[in-house]
Amino acid sequence: MAFDGLVTYAICKELNSNIIGSRIEKIHMPTKNEIIFITHSNNEKLKLLISIDPSNARVHFTWGQKENPTKAPSFCMVLRKYLQGSKILSINQNGLDRVIIINFENINELGDKVTYNLYIELMGKYSNIILVNEKNKILDSIKHVDFTMSSVREVLPARDYIIPTNLGKISFLELSEDEFCKIILDIKNNEFYSYETMSKIISNTFVGFSKTFIDTIISKLDLKENLTYDQAKNIYKEILLILSNISNNNISLKLYENDYHFDLNFINNEFLDTKDQISNNIEKKYHNSIFLDGFYLKKELDNSIKTAKFNLLKDVNSFKNKYLKNLSRVNDIISEKENMSKYKLYGELIQANIYRISPGINKISVENYYDNNNLIEIPLNTSISPAMNSGAYFKKYTKIKNAISMAEKQKEDYINNINYLDNVSYLIDSSSSIEEIEAIKQELTLAGYKNYWSIKRKYFDEQKLQPIEYVVDGVKIKVGRNNIQNDKLTLKEAHKNYT
């Protein structure tokens, strides 16, 4: 996760430049981990997103639309009670830690001015949003933490608020160049840490620096693991330069492998194509929020597609396993063909030799006129007559014959279903949008596999979800995104002379 103390620092600068003095117009809680404040100031409305999702904890302005639940969660109601209509007085960061403090001023029931602090702790799975009154008492939090969950501090209504500990990490802001260099060289030369990478040593020693951020600096400076004092000085100067650029709003975020971090004097336009309505002026004011909004929007969409594909593949595999099990069962029945012929032969030979069979014997050897009159031994049931023995063998023959006839029909159906579900699995793997997955759900519903909601509530735009088109050597090729589209292309749209 790259939303470290420095990114928090940059976002705090952006917030301070744009919403200090704004009023909180509306408060929404679209998911259990997200709060959205709609602020209003100087005829400009902005949406501030606060997320404590364990893997995507962050704060930034957002321009996306999220559906709100019909009934607001209890913490959202608490925020509305105390903060709706309030004025944002200040936004601060706890050193370079991932803790943001937003100070609000509002009017209480008696008409007196009161202040509240909203503490936003961006700590991965320990992230939290905590509302505190002017007496430093917790009014409520999005997550409650009692003594059974943490021995360090409780986060419960009426408790005193305690700022999270930085786990012994050192504040870079309080160090001189010489102190910084000595600290990291002493740690690097310590035998216990000798096998650790420099990026891990620095990120574990100082508050606010992620491993990703230090990796970008080491890569830019082309440093080796055998760090010298002069190289440590270069790291210190580079961090100072970045802090200075953040303060002057002269730095922007960029993609870094599967994550992101800062790129000096560079404004990234990676995600601006989805925000055509935002003017160049706004891009300058909110460029870090625009990047983060696009980055996490894509990440959440990718995650939702991945989850939807996983869940649907799980269903399809469940359907397929059922047919595989049934196929194994009918194959076992069909394998009884040999016994079926044997039982018919036994019945015929007993009838032909019934005059030779004495009651009470358990077997008889007779000539098999189907096999050059070679002797064949036939087991008999001593408790019934020879004629009934013959009838019992014919009954077994008829039962197996009927079962095999039914099994052969079922086998063809099971194989067709297995092949179809294999095809559906391929289509799911190839899907690149929620709309495609919902269309496949609709197809499975129409095919009778499972009654998915999408057949009743369309989550996708059928006009938007058109077949994929390719042009190869001037020839247009259309490919359906699911079997329904392929059938439509083949049976309705294709001309007789089309391939």
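C76 is buried, at a relative accessible area of 1%, and C181 is buried too, at 0%. Here buried means under 20% relative accessible area, exposed means over 50%, and partly exposed lies in between, with a 1.4 Å probe and protein chains only. A search of the whole structure finds zero disulfides, a disulfide being a pair of cysteine sulfur atoms within 2.5 Å. This is a predicted model, in which local features need pLDDT of at least 70, side-chain atom pairs count only at pLDDT 80 or more, and totals for chains, interfaces and linings use all residues. Residues are numbered from 1 along each chain as its sequence is written, and side-chain values use heavy atoms, with hydrogens and water left out.

**Salt bridges around E300**

- Let's start with the total: the whole structure holds 18 salt bridges, each defined as a side-chain nitrogen of Lys or Arg within 4 Å of a carboxyl oxygen of Asp or Glu.
- One of them pairs R58 with E300, with 3.0 Å between the closest N and O atoms.
- This pair links distant parts of the chain, since R58 sits in strand β4 (residues 58-62) and E300 in helix α8 (residues 287-334), 242 residues apart.
- Helices (H or I, at least four residues) and strands (E, at least two) are DSSP runs, numbered from the N terminus.
- R58 is buried at 2% relative accessible area, whereas E300 is partly exposed at 22%.
- E300 also forms a salt bridge with K66, and here the closest N and O atoms are 3.5 Å apart.
- Because E300 lies in helix α8 and K66 in the loop between β4 and α2 (74-83), this pair ties together parts that are 234 residues apart in sequence.
- K66 counts as partly exposed, with a relative accessibility of 32%.

- E238 and K220 form another salt bridge, their closest N and O atoms being 2.8 Å apart.
- E238 belongs to helix α6 (residues 229-247) and K220 to helix α5 (residues 211-221), and the two are 18 residues apart.
- E238 is buried at 10% relative accessibility, while K220 is exposed at 53%.
- Salt bridges with shared partners join E34, R58, K66 and E300 into one network.

- Y470, V472, V475, I477 and V479 make a nonpolar surface patch of about 400 Å².
- Patches are built from residues with over 30% relative accessible area and no salt bridge, joining like charges within 9 Å and nonpolar side chains (Val, Leu, Ile, Met, Phe, Trp, Tyr) within 5 Å.
- The accessible areas come from the Shrake-Rupley method with a 1.4 Å probe, and for residues only the protein chains shown count as cover.
- Strands β14 (468-472) and β15 (475-479) each supply at least two residues of the patch, and β15 gives the largest share, with three residues.
- V479, in strand β15, is partly exposed with a relative accessible area of 32%.

**Cavities**

- The whole structure has two cavities of 30 Å³ or more.
- On a 1 Å grid over the protein atoms alone, a cavity is a set of points where a 1.4 Å probe fits but cannot get out, and lining residues have an atom within 4 Å of a point.
- Grid points are joined across faces, edges and corners, and a volume is the space filled by probe spheres set on the points.
- The largest cavity holds about 50 Å³ of space, and its lining residues include I357, P359, L380, T382 and N389.

**Contacts across the sequence**

- E105, placed in strand β6 (residues 99-107), is partly exposed at 21%.
- E105 and S86 are 19 residues apart in sequence and 5.4 Å apart in space, C-alpha to C-alpha.
- N321 lies in helix α8 and is partly exposed at 47%.

**Positive phi angles**

- D222 is not a glycine, yet has a positive phi of about 55°.
- D222 lies in the loop between α5 and α6 and is exposed at 55% relative accessibility.
- N372, also a residue other than glycine, has a positive phi near 55°.
- N372 is found in the loop between β12 (363-368) and β13 (374-379), where N372 counts as exposed at 71% relative accessibility.

Methods:
1 Å grid on protein atoms, 1.4 Å probe; cavity = no way out; pocket = protein on both sides within 12 Å on 5 of 7 lines; lining within 4 Å.
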